[in-house]
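Subject: Structure for your review

Dear colleague,

Please find the structure below, together with its sequence.

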Amino acid sequence: GAGRLLDVHRYLRAALWRLERVAENPDRDRSRMEKVLVLEGRHDELVETLPPSDGLAAIGWQLQELRVNLFAQGIGTRGSVSVKRVLSALSEVAIHG
């Protein structure tokens, strides 16, 4: 919704930040991306097997915030986010739907 428009703008700024810095340490970037891909894969599996829910939608936004946190921390995130928090949210949705 419109309430997330500023977030999308921040995500684009974070993507540019990442692109400007990836050459400095491509191995670090790759390692962080692997973490994101694992979480996104688990989210995708839940999206395919569970009915749509606010919890699944919230995790989608958490994944975007995690990208900002991992690749462009200086941009700042909307709330606290970490790999551990996303894993916890995924487990909660998987158990309770």
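The notes below describe a helix contact, the nonpolar cores, the salt bridges and one histidine.

This is a predicted model, in which local features need pLDDT of at least 70 and side-chain atom pairs count only at pLDDT 80 or more, while totals for chains, interfaces and linings use all residues. Residues are numbered from 1 along each chain as its sequence is written, and side-chain values use heavy atoms, with hydrogens and water left out.

Helix contact

Helix α1 covers residues 5-21 and helix α3 residues 54-71; helices are DSSP runs of H or I with at least four residues, numbered from the N terminus. Their axes come within 9 Å and cross at roughly 35° (axes are lines fitted to C-alpha atoms over the stretch in contact, and angles run from 0 to 180 degrees between N-to-C directions). The crossing is left-handed, a term used if the near helix is turned anticlockwise from the far one by less than a right angle. On the α1 side, Asp 7, Val 8, Arg 10, Tyr 11, Ala 14, Trp 17 and Arg 18 take part, and they meet Trp 61, Gln 64, Glu 65, Arg 67, Val 68 and Phe 71 of α3; contact means heavy atoms within 4.5 Å. These residues divide into 7 nonpolar, 1 polar and 5 charged (Ala, Val, Leu, Ile, Met, Phe, Trp, Tyr, Cys and Pro count as nonpolar, Asp, Glu, Lys and Arg as charged, and the others, Gly among them, as polar).

Nonpolar cores

A nonpolar core is a set of buried Ala, Val, Leu, Ile, Met, Phe, Trp, Tyr and Cys residues joined through side-chain atoms within 4.5 Å. Buried means under 20% relative accessible area, exposed over 50% and partly exposed in between, with a 1.4 Å probe and protein chains only. The largest core has 15 residues, of which Val 36, Leu 39, Ile 59, Leu 66, Val 86 and Leu 90 touch the most other members. Two or more residues come from each of α2 (26-49), α3 and α4 (83-96), and α3 gives the largest share, 6 residues. Another core, of 5 residues, lies apart from this one and includes Ala 14, Val 68, Ala 72 and Ile 75.

Beyond its neighbours within four places in sequence, Val 86 is in contact with Leu 39, Ile 59, Gln 62, Leu 63, Leu 66 and Val 81. His 43 belongs to helix α2 and counts as buried because its relative accessibility is 11%.

Salt bridges

A salt bridge is a side-chain nitrogen of Lys or Arg within 4 Å of a carboxyl oxygen of Asp or Glu, and the count by this rule is 8. Arg 10 bridges to Asp 7 with the closest N and O atoms 2.8 Å apart. These two residues are separated by about one helical turn, because they are 3 residues apart in α1. Asp 7 also meets Arg 78 at 2.4 Å, N to O. That pair links α1 to the loop between α3 and α4, across 71 residues. Asp 7 is buried at 7% relative accessibility, whereas Arg 78 is partly exposed at 46%. Arg 4, Asp 7, Arg 10, Glu 65 and Arg 78 are linked in a network of salt bridges.

Arg 18 of α1 and Asp 29 of α2 lie 11 residues apart and form a salt bridge at 2.7 Å, N to O. Arg 18 is partly exposed at 21%, and Asp 29 is buried at 12%.

With kind regards
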